[in-house]
Amino acid sequence: VTPWIVVPGPYRSGQLDFQAENVAAMIVNNASFNCIACKLIVTWRGWPDRQRFLDKISAVLAGVPRRQAYYPGAVDRFRRFTGQEPQQNPPGTLPWTLLRDVDPDRQPQFFNEESFVCVCAETALEAADEMEFLDRAVEFVNQRVWGTLGAGVMVHPKTRRGAEREERFQRALSRLRYGTVAINHWPALAYTMMNIPWGGYPGGTLADPQSGIGWVHNPYQLGGVEKTVLEGPLVVRPKPFWFPSNRQADRLASKVLELYRRPHWSRLPGVFWAALRG
């Protein structure tokens with residue numbers, strides 16, 4: 001289960017818009033049949049923008065055409081996790097589904113196993129303030145959520161402002177027991193970069209491998225790796241090509257692959273132009 005921890009902060013509307021599509025992109029990519037698709041959003045119950053942010057995610061999902069639910073057993077898993085009979089329209093598709101305020105005691109399936117279907121749950125934690133929430137969220141995903149592959153943290157730069165707050169934020173990151181921790185961006189980006197280690201948090205065994213044993217990529221042959229921390233700004237421009245609303249995604253991906261296949265400066269303008277038009 002890949003959790004997304006939303007740390008409250010003074011977000012502007014455009015920042016919430018970007019991050020809502022960021023979360024939606026994690027859900028819909030490859031029809032949600034990804035080991036690193038976002039399956040759990042962890043929020044602070046006292047955050048004034050909580051419902052507003054979830055509404056924005058739902059609005060993005062509502063605008064993304066359904067995709068073929070090709071993975072075996074997808075319909076049965078949808079029924080089991082949601083308790084609903086899916087409306088498969090068009091035939092063979094499943095609806096993007098965001099379930100809010102899910103109780104881990106009453107619906108443990110969202111926390112104890114990977115659904116591997118187009119369903120994402122949201123759960124809310126009690127806390128006195130945003131930093132206490134972050135501490136409780138780290139403890140919650142470490143103790144109550146199955147899996148150790150990747151986790152994301154959404155945080156406003158002002159929330160980290162000041163030496164004391166930054167130190168507390170870094171301590172929280174250090175306690176997350178995940179092989180990749182991504183700040184403001186999809187943890188899957190660490191895999192696509194290919195030059196940093198990718199794998200589950202150390203400690204898996206053959207009897208209980210969690211999210212796997214060992215690492216892939218790691219061309220620098222780093223030893224004793226505990227986790228990869230990937231950080232980016234709250235909003236990036238141009239729009240990432242994996243975002244559902246990017247109108248140039250196929251064209252840009254093609255040009256990027258061609259640049260990798262035959263590197264040359266003359267191919268850069270085409271990449272930039274497609275990115276800017278997205």
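At what angle do helix H5 (residues 130-144) and helix H6 (residues 163-175) pack, and how far apart are their axes? In this predicted model, the two helices pack at an angle of about 5 degrees, and their axes lie 10 Å apart. Angles under 35 degrees count as roughly parallel, and H5 and H6 are therefore roughly parallel to each other.

On the H5 side, the contact involves Glu 130, Met 131, Glu 132, Leu 134, Asp 135, Val 138 and Asn 142, which meet Arg 165, Arg 168, Phe 169, Ala 172 and Arg 175 of H6. Five of the residues in this contact are nonpolar, one is polar and six are charged.

The largest nonpolar core has 75 residues. Those touching the most other members are Ile 5, Val 23, Ile 41, Phe 53, Ile 57 and Leu 176. Leaving aside residues up to four places away in sequence, Leu 176 touches Ile 5, Val 138, Val 141, Asn 142, Val 153, Val 181, Tyr 201 and Lys 227.

The whole structure contains 21 salt bridges, including those tabulated here.

| Salt bridge | N to O distance |
|---|---|
| Asp 55 and Arg 100 | 2.8 Å |
| Glu 85 and Arg 79 | 2.9 Å |
| Glu 258 and Arg 262 | 2.6 Å |

Salt bridges with shared partners also join Arg 45, Arg 50, Asp 101, Glu 122 and Glu 126 into one network.

Asp 55 belongs to helix H2 (residues 50-62) and Arg 100 to the loop between strand E3 (97-99) and helix H4 (109-112), so their pairing ties together parts that are 45 residues apart in sequence. Asp 55 is partly exposed, at 42% relative accessible area, and Arg 100 is partly exposed at 29%. Glu 85, by contrast, is exposed at 52%, while Arg 79 is partly exposed at 31%.

Key
Residues are numbered from 1 along each chain as its sequence is written. This is a predicted model: local features need pLDDT of at least 70, side-chain atom pairs count only at pLDDT 80 or more; totals for chains, interfaces and linings use all residues. Side-chain values use heavy atoms; hydrogens and water are left out. A nonpolar core is a set of buried Ala, Val, Leu, Ile, Met, Phe, Trp, Tyr and Cys residues joined through side-chain atoms within 4.5 Å. Buried means under 20% relative accessible area, exposed over 50%, partly exposed in between (1.4 Å probe, protein chains only). Contact means heavy atoms within 4.5 Å. Axes are lines fitted to C-alpha atoms, for helices over the stretch in contact, and angles run from 0 to 180 degrees between N-to-C directions. Helices (H or I, at least four residues) and strands (E, at least two) are DSSP runs, numbered from the N terminus. Angles under 35 degrees count as roughly parallel, over 145 as roughly antiparallel, 65 to 115 as roughly perpendicular and the rest as oblique. Ala, Val, Leu, Ile, Met, Phe, Trp, Tyr, Cys and Pro count as nonpolar, Asp, Glu, Lys and Arg as charged, and the others, Gly among them, as polar. A salt bridge is a side-chain nitrogen of Lys or Arg within 4 Å of a carboxyl oxygen of Asp or Glu.
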